[in-house]
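Please look over the sequence and the model before reading on.

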Amino acid sequence: MADRVETIWVEDSLDRINDLAYENGWTDGLPIVPPTPERVEAMVAASGRPPHEVVAVLPPRMAEATVERLAANAVMAGCRPAHFPVVLAAVAAVADPRFELFGVNTTTNPVVPMLVVNGPIRHTLDFNFSYGVFGPGRRANATVGRALSLIMLNVAGRVPGEVCKSTQKQPGAYTMCIAEHEELSPWEPLHVERGFDRATSTVTAIPPTGTINVVDNDSSRAEDLLTTIAGSMLVAGSNNIYHAWGLGEMALVLSPEHARLIAADFSKQEVKAWLHEHAAIALSVFPPHKRVVLRDRGIVQEDSVKVLARPDQLLVVVAGAPSGIHSQFIPTYGQAWAVTRPIQAG
Amino acid sequence: MLTREFESLGRAAAADRGYADLPFVIVPHPFQTLPEAEIRAIADRTFPEIVARASVRAGPEDRTAAPSGAPSHG
């Protein structure tokens, strides 16, 4: 059985507690909510699970992520107890071996876990899936993503420099949690596509290296808009090239307006197939020695390299404001697969 | 076998898995962008230590097993 969390007695002062947490490297640099025994107990109770239950073993530290340890971090991040089941599902998702958490937490790459929430819990917990979906303002998105980030630091051991070798990281390391705008999606939502019932709430973990904005305000045909999107996926210096080896997915987060336009002529699967066919990086943009390497690996076709080795390597999500002509292409780590887990009510 | 930059990660990962005495061979960093001739020189220079580390049972008494003249393993 895993050890229980240690209780530390300190002066009842928010400033002193935050100084202590910062000095010990327990924070992301922002103030925390003090994880008092009462708050942690309330968080644990919301899960309906015993405090010492091991939810996962998290690399690189290979630490036992008990319900209680995760609860303490969720409190620190500002979660309400009702948010905690989402945090637990997120931890289960990133702990799946397909997510390759050791690499995600230690690589020189800027990759961080990004969460996509689906299902009825978007409404009951007030997740943002509309205006400014990647931005600040909604407690559920902000604190669930931050809780996972603090868990990576304090439980998994993602300590910058010492263990986490990321050269630059990215702003998403503070928090990166969106929900899908299912009501305005012309297609089935992500979790249904991945085998869950529409009434089931889920969280999907994706390993992005950043986001690339795709603006197109004058295409009125689906294929024209897809041409702009395909052109926006051609980044020779991203890990996209590794996808050409068949490792992991990328994501396309379409605005509802863009999705509506495309859906006039394409199903979601047809979108993936079209982009698989047309998103190809010209070999000429690579330096000569790399062209040789790419040819040797057998992934060059007609003097170009396809960004997607297969159509199913693209996750398509609809999120954002009802109107607006901006979407996000999300390149990823290239060595990890997205994982979806159901959110179990406490 | 690690580059110097990844030594702390490698040692921490080994210790967390119960192999605190796992022998390491450390090479300079950066490594992958060096000219081939320099990489070969590092390989030649490091080879005796690799053989030594790979052919003894790990343990406190083996920490000095590298032959004299071999590069430091940190």
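This is a predicted model: local features need pLDDT of at least 70, side-chain atom pairs count only at pLDDT 80 or more; totals for chains, interfaces and linings use all residues.

**Second largest pocket**
- The second largest pocket is lined by 30 residues, and those closest to its centre are Gly132(A), Val133(A), Phe134(A), Gly135(A) and Gln328(A).
- In chain A, helix H7, strand E4 (177-179) and strand E12 (326-330) each give two or more residues to this lining.
- E12(A) provides the largest share, with three residues.
- By class, the lining of the second largest pocket holds twelve nonpolar residues, 17 polar residues and one charged residue.

**Largest pocket**
- The volume of the largest pocket is about 1000 Å³.
- A total of 34 residues line the largest pocket, and Glu6(A), Thr7(A), Ile8(A), Pro35(A) and Ala72(A) are the ones nearest its centre.
- Four helices of chain A, namely H1 (14-23), H2 (37-47), H3 (67-77) and H7 (139-154), each contribute at least two residues to the lining of the largest pocket.
- In the lining of the largest pocket, 20 residues are nonpolar, five are polar and nine are charged.

**Enclosed space**
- One cavity of 30 Å³ or more turns up in a search of the whole structure.
- The largest cavity holds about 70 Å³ of space.
- Its lining is made up of Val112(A), Pro113(A), Gly145(A), Leu148(A), Ser149(A), Met152(A), Arg158(A), Gly172(A), Ala173(A), Thr175(A) and Met176(A).
- Of the residues around the largest cavity, six are nonpolar, four are polar and one is charged.

**Contact between chain A and chain B**
- Eleven residues of chain A and eight residues of chain B take part in the contact.
- The two chains, A and B, bury about 720 Å² between them, and 62% of this area is on carbon and sulfur atoms.
- One salt bridge is found across the interface of chain A and chain B.
- That salt bridge links the side chains of Lys165(A) and Glu5(B), with an N to O distance of 3.8 Å.
- Five residue pairs, both members at pLDDT 80 or more, are in polar contact across the interface of chain A and chain B.
- On the side of chain A that touches chain B there are five nonpolar, three polar and three charged residues.

**Backbone details**
- Most peptide bonds are trans, and most residues other than glycine have a negative phi.
- Which peptide bond of chain A is cis, with omega near 10°? The bond from Pro59(A) to Pro60(A) is cis, with that omega value.
- Pro60(A) sits in the loop between strand E1 (54-58) and strand E2 (63-66) of chain A.
- In chain B, His29(B) and Pro30(B) are joined by a cis peptide bond with omega of about 0°.
- The loop that holds Pro30(B) runs between strand E2 (26-27) and helix H2 (36-54) of chain B.
- Asp126(A), a residue other than glycine, has a positive phi, near 60°.
- Asp126(A) is placed in the loop between helix H6 (121-124) and H7 of chain A.

Technical notes
Residues are numbered from 1 along each chain as its sequence is written. Chains are lettered from A and ligands numbered from 1 in the order in which they are written. Side-chain values use heavy atoms; hydrogens and water are left out. Contact means heavy atoms within 4.5 Å. Buried area is the accessible area (1.4 Å probe) that two parts lose on being put together, summed over both. A salt bridge is a side-chain nitrogen of Lys or Arg within 4 Å of a carboxyl oxygen of Asp or Glu. A polar contact is a pair of N or O atoms within 3.5 Å; within protein, one must be able to donate a hydrogen and the other to accept it, and residues adjacent in sequence count only if both atoms are side-chain atoms. Ala, Val, Leu, Ile, Met, Phe, Trp, Tyr, Cys and Pro count as nonpolar, Asp, Glu, Lys and Arg as charged, and the others, Gly among them, as polar. On a 1 Å grid over the protein atoms alone, a cavity is a set of points where a 1.4 Å probe fits but cannot get out, and a pocket is an open set with protein on both sides within 12 Å along at least five of seven lines; lining residues have an atom within 4 Å of a point. Grid points are joined across faces, edges and corners, and a volume is the space filled by probe spheres set on the points.
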